[in-house]
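Dear colleague,

I am passing on to you the structure that I have been looking through, and below it you will find my notes on what turned up. Please read them with the coordinates open beside you.

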Amino acid sequence: MSRKPDEYAIFILLNSGHREEVRFSSIQDFQKWYSGELVPKSDSDDFINVPIRNIQGEYMVIRPSSIVGIRVEPIFFGSVERL
C-alpha cells in the first residue's frame, strides 16, 4: 500500500554553492510554482518570489539564472528515522 507524503521539501541548489530549503504541502503546489514562476524566467537575472510555506506572508526572492539544481524530497510525518 503506497502512502501519500504529508509535504515536500524542495532543495534549491545555487551556483554559489548554497542550498535553500522550502516546503510545499503538495507536489501540485510545487509544480504550479515551478511551471508558472521559474520556468518562464529561467534565464532571467530578475528576482522571483519563492513561497515559504511555514511562515505565512513571508517570501524568499531568488534569481532564476543562479539555480543549478532542484531536489524534491517527500516528507512523511509518521516515518520513524532509522539509523
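**What was found**

Ser 44 lies in the loop that runs between helix α1 and strand β3, the latter covering residues 48–51. With a relative accessibility of 18%, Ser 44 counts as buried, because the cut-off for that class is under 20%. Once residues up to four places away in sequence are set aside, Ser 44 touches Arg 63, Pro 64 and Ser 65.

Before going further, please keep in mind that this is a predicted model. The chain has an average pLDDT of 87, and 90% of the residues score at least 70. Confidence in the chain is lowest in strand β4, residues 59–62, where the mean is 86, and it is highest in β5, where the mean is 95.

**The sheet and its helix**

Three strands form an open sheet in the order β2-β1-β5, and their pairing is antiparallel. The edges are taken by β2 (19–24) and β5 (67–75), each of which pairs on one side only. From one strand to the next the twist averages 20°. Helix α1, made of residues 27–38, packs on this sheet and touches β1, β2 and β5, while its direction makes about 165° with that of β5.

Strand β1, residues 7–14, is joined to β2 by six bridges in the antiparallel sense. Within this pairing Ile 10 stands opposite Val 22 of β2, and Ile 12 stands opposite Glu 20 of β2. The hairpin of β1 and β2 has four residues between the strands, and in it Gly 17 takes a positive phi near 100°.

**The nonpolar core**

Which residues have the most contacts inside the largest nonpolar core? They are Ile 10, Ile 12, Val 22, Trp 33, Val 50 and Ile 62, in a core that has 14 residues. At least two residues of this core come from each of β1, β2, α1, β3 and β4, and β1 gives the most, with four residues. As a general point, nonpolar side chains tend to be buried together in soluble globular proteins.

Trp 33 deserves a separate look in the viewer. Leaving aside neighbours within four places in sequence, Trp 33 is in contact with Ile 12, Phe 24, Leu 38, Ile 48, Asn 49, Val 50 and Pro 51. Of these contacts, Ile 12 and Val 50 are also listed with Trp 33 among the core residues that have the most contacts.

**Salt bridges**

The count of salt bridges comes to three. In one of them the side chains of Glu 7 and Arg 23 meet, at 2.5 Å from N to O. This pair links distant parts of the chain, since Glu 7 belongs to strand β1 and Arg 23 to strand β2, and the two are 16 residues apart. Are the partners buried or exposed, or something in between? Glu 7 counts as buried, because its relative accessibility of 5% is under the 20% cut-off, whereas Arg 23 is partly exposed, with a relative accessible area of 26%.

Arg 23 also meets the side chain of Glu 21 in a salt bridge, at 2.8 Å from N to O. Glu 21 has a relative accessibility of 39% and therefore counts as partly exposed, a class that lies between 20% and 50%.

In the remaining salt bridge, Arg 71 is paired with Glu 73, and the closest N and O atoms are 3.0 Å apart. Both partners are partly exposed, Arg 71 with a relative accessible area of 38% and Glu 73 with one of 28%.

**One more position**

Gln 28 lies in helix α1.

With best regards

Notes
Residues numbered from 1 in each chain as written. Predicted model: local features only at pLDDT ≥ 70, side-chain atom pairs only at ≥ 80, totals over all residues. Heavy atoms only, no water. Pairing = 2+ DSSP bridges. Axes fitted to C-alpha atoms, helices over the stretch in contact; angles between N-to-C directions. Contact = heavy atoms within 4.5 Å. Salt bridge = Lys/Arg side-chain N within 4 Å of Asp/Glu carboxyl O. Buried < 20%, exposed > 50% of the residue type's maximum accessible area, 1.4 Å probe, protein only. pLDDT = per-residue confidence, 0-100. Core = buried A, V, L, I, M, F, W, Y, C linked by side-chain atoms within 4.5 Å.
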